[in-house]
Amino acid sequence: MVHVSARRPRQWLLKAVVAMLFAQWLAGPVIIARADEPQPDPAGIATGDKTSTSDAGGNAFVITAPTDKTAPDYATTKKAFDDFTAQAAKEPLAMKLADNVGHLRIAANFSWTLLTGYLVLFMQAGFALLTCGLVRKKNAGHLMMLNFAAYVFAFLAYYVCGFAFQYGGCAINAAPTQLGGTPTLDHFAIGSGLWGILGGKGFFLSGPGYDAGSLCLTLFEVVFMETAGYIIVGAICERITFGAFLLCELFVGGILYPMFGCWVWGGGWLSQLGNTMGLGHGYVDFAGSTVVHGIGGFCAMALAVILGPRIGKYGPDGKPRAFPAHNLVYVVTGTFILLFGWMGFNPGSTLAASDLRISVIAVNTNLAAVAGAASAMFLWYYLFGKPDVTMACNGMLAGLVAITAPCAFVSPNSAVIIGLLAGILVDLGVLFNERVIKVDDPCGAISVHGYCGWLGAVCVGIFADGTYGAGWNGVGATTYLGKAGLGVTGLLHGDSKQFITQIGGATLMAIYAFGFTYVVFSLVNAVVPMRVSKEVEMEGLDVPEFGLPAYPEDELVDAGSPVAA
Amino acid sequence: MKRIDAVIKPSKLDEVKASITALGITGLTVSEVKGFGRQKGHTEMYRGTEYTVDFLPKILITIIVADELVEPIVKSISDSARSGKIGDGKIFVTALDDVIRIRTGERGKDAI
């Protein structure tokens, strides 16, 4: 009997794999673009021509014919178009050169986007070290396996449907012109026009997704999704079963992250609120304080609530107890690797080496990181008499998370203020989670990524100074608030509507990520318990789950140690 | 023959070793141990929550010596391991029935 029941899941798995291969075979031919639709360019030969060329101000080299004859500036644009056409006919060589320049511009942007994507990929190593160092020795091996498997399984989910859900409709409102515009990704599965809810092209990265520009975007975006996938590890470690964790990763990579990502970055309804409801530039999140970190943080919070605190975290009197980090060397090394990776995360989010704002973004990102570390460290010093290394590291990450949304839109001074605020918030958030709502979060992931992610998006609405982002989300390409070239603007610089949009969008993110996760995984937990047994948790998860402790040589020494127990 | 067990602070091991080897002992065994005496543990803070370390790391030195060497060794351990603060440790001296050298089978004083 035992033998038979052990075989059943294997048969089921085999069937699932066969079905998936069949679906893949079926999907390939079916979703190849029709002749009247934009054709994908897998070879990358047709991506980038003279239409991709523009001056430093973003004015296109090729002037297109105005279509709206009733527009007030119809006469001037028509004349510009006629002049351009006449000149182009006289100088065919210039047109050929412009094609080359356009292709090179896209090529430079491809290099930048891919290389910064690789930096973001390296952040996974930072997360692995950081979270592993913060837990107890007996669970270190389990932590490493979670971090490892997160990358693998969330990536597969993103390949199957995540990317299509997030970016399947991006060409409609949010075409990444820096990468050639990905014209093949032009369909929302749910919603349409300015009210897109879920993208609908590019499943299995085949058909319309099998395109050089689209796949450049895929590489960059999948490592962002992975970041959200890693964040949850910090809050649910030391007690979740491996199977339940894999389900969490498929959920994050397949639907939770892509859906909100579609709303903000894929041309979905939140980003278009400026066009539809007149709310500033719509909801703006430059590199993902909310889209990546907030989603990860609040998803982690819901999972931590469902799982409950680790055994012994709260004494019989309800007072929290400390489970000290087992390796501070990992914690600090991991934090610095994350800082380094963030140099890809934020500046890379321009998707363009030709966008020289990247230097401002890089400096802002670093400034917020050090300001966050300083304020978290000193507040802790003041509160408890000693600065705590792990909280200082959390402070640095908090500053990074909070600057991620506003990094392109604010001045260095504002970046310092945002970092300082985040450092304070992360300290208070950790204490609030531990003492007031009693949600056990071993690595501070909820406070760092959830609370500070929310703060970051709100800071766009406060500190954005209008020097960057003219025409963001299709709002104010020529003038905004009566000023030519004014970009995304916050409360302090006179756009209160942007502030309201940011608060609303960030709060919606928190409710969405927490609520969606809580509903789905409460059901899962009711069917199959997501937590390991008491005996396994006491022993440490390394051996019962994977058969190998992270540090086999000091098993004997450690079994009796109070810190390990 | 006597057996001397000394529990000392880990940081004092080098000094103790130097002072007793100068007295001509021929062997010594060191163990890393954890425990508490009057010093008890101490309280620390981690991420805003207090925790107590009940068992502090110590070094246990075991030496087997002839009777006449006991007093000088006890004195030299006491002198070299003393910092004057709580937690310096303790020395236990016990009588020993026999010693056997495994290689040769010698017994008693010859085996020390």
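Predicted model: local features only at pLDDT ≥ 70, side-chain atom pairs only at ≥ 80, totals over all residues.
Local features are described here where pLDDT is at least 70, and side-chain atom pairs count only at pLDDT 80 or more, whereas totals for chains, interfaces and linings use all residues. Residues are numbered from 1 along each chain as its sequence is written, and chains are lettered from A and ligands numbered from 1 in the order in which they are written.

We begin with chain A. Its secondary structure consists of 18 helices and 4 strands; helices (H or I, at least four residues) and strands (E, at least two) are DSSP runs, numbered from the N terminus. The radius of gyration is taken over C-alpha atoms, and the globule rule is 2.2 Å times the number of residues to the power 0.38. For 565 residues a compact globule would have a value near 24 Å, and the 25 Å of chain A agrees with this. Along the principal axes, the C-alpha atoms of chain A fill a box of roughly 85 × 60 × 40 Å.

The next topic is burial. A residue is buried if 20 or more other C-beta atoms lie within 10 Å of its own, exposed if 12 or fewer, and partly exposed in between, with C-beta atoms placed from the backbone. By this criterion, 53% of the 565 residues in chain A are buried. Helix 2 of chain A (residues 74-90), however, is hardly covered, with 0 buried residues among its 17. This helix reaches 24 Å from its first C-alpha to its last, close to the 24 Å expected at 1.5 Å a residue; the expected span is 1.5 Å times one less than the number of residues.

Contacts give another view of the fold. Two residues are in contact if their C-beta atoms, placed from the backbone, lie within 7 Å. Among contacts in chain A with a separation of 6 or more, 77% are between residues 24 or more positions apart.

Two loop residues of chain A deserve attention for their backbone angles. Most residues other than glycine have a negative phi. A:L205, although not a glycine, has a positive phi of about 50°. A:L205 lies in the loop between strand 2 (198-199) and helix 6 (212-236) of chain A, and is partly exposed, with 18 other C-beta atoms within 10 Å. A:E238 also has a positive phi, near 70°, and is a residue other than glycine. The loop that holds A:E238 runs between helix 6 and helix 7 (242-264) of chain A, and A:E238 counts as buried, with 24 C-beta neighbours inside 10 Å.

We now turn to chain B. This chain contains 2 helices and 6 strands, which follow the pattern β-α-β-β-β-β-α-β along the sequence. The radius of gyration of chain B is 17 Å, well over the 13 Å that the globule rule gives for 112 residues, so chain B is more spread out than a compact globule. Its C-alpha atoms fill a box of roughly 60 × 25 × 20 Å along the principal axes. Of the 112 residues, 14% count as buried. Among contacts in chain B between residues at least 6 apart in sequence, 70% join residues at least 24 apart.

Four strands of chain B form an open sheet. Their order is 2-5-1-6, and the pairing is antiparallel; two strands pair if DSSP finds at least two bridges between them. The edge strands, each pairing on one side only, are strand 2 (29-35) and strand 6 (89-95) of chain B. Strands of a sheet pair through backbone hydrogen bonds. Strand 1 (residues 2-8) of chain B pairs with strand 6 of chain B over 7 bridges in the antiparallel sense. Within this pairing, B:R3 stands opposite B:T94, and B:A6 stands opposite B:I91. Strand 1 of chain B also pairs with strand 5 (residues 56-65) of chain B, antiparallel and over 7 bridges; here the bridge partner of B:V7 is B:L60.

Finally, we consider where the chains meet. In the model, 13 residues of chain A are in contact with 9 residues of chain B. Helix 12 (389-404) and helix 13 (412-436) of chain A each supply at least two residues of the side of chain A that touches chain B. The largest share, 3 residues, comes from helix 13 of chain A. By class, this side of chain A has 8 nonpolar, 1 polar and 4 charged residues. Here Ala, Val, Leu, Ile, Met, Phe, Trp, Tyr, Cys and Pro count as nonpolar, Asp, Glu, Lys and Arg as charged, and the others, Gly among them, as polar.
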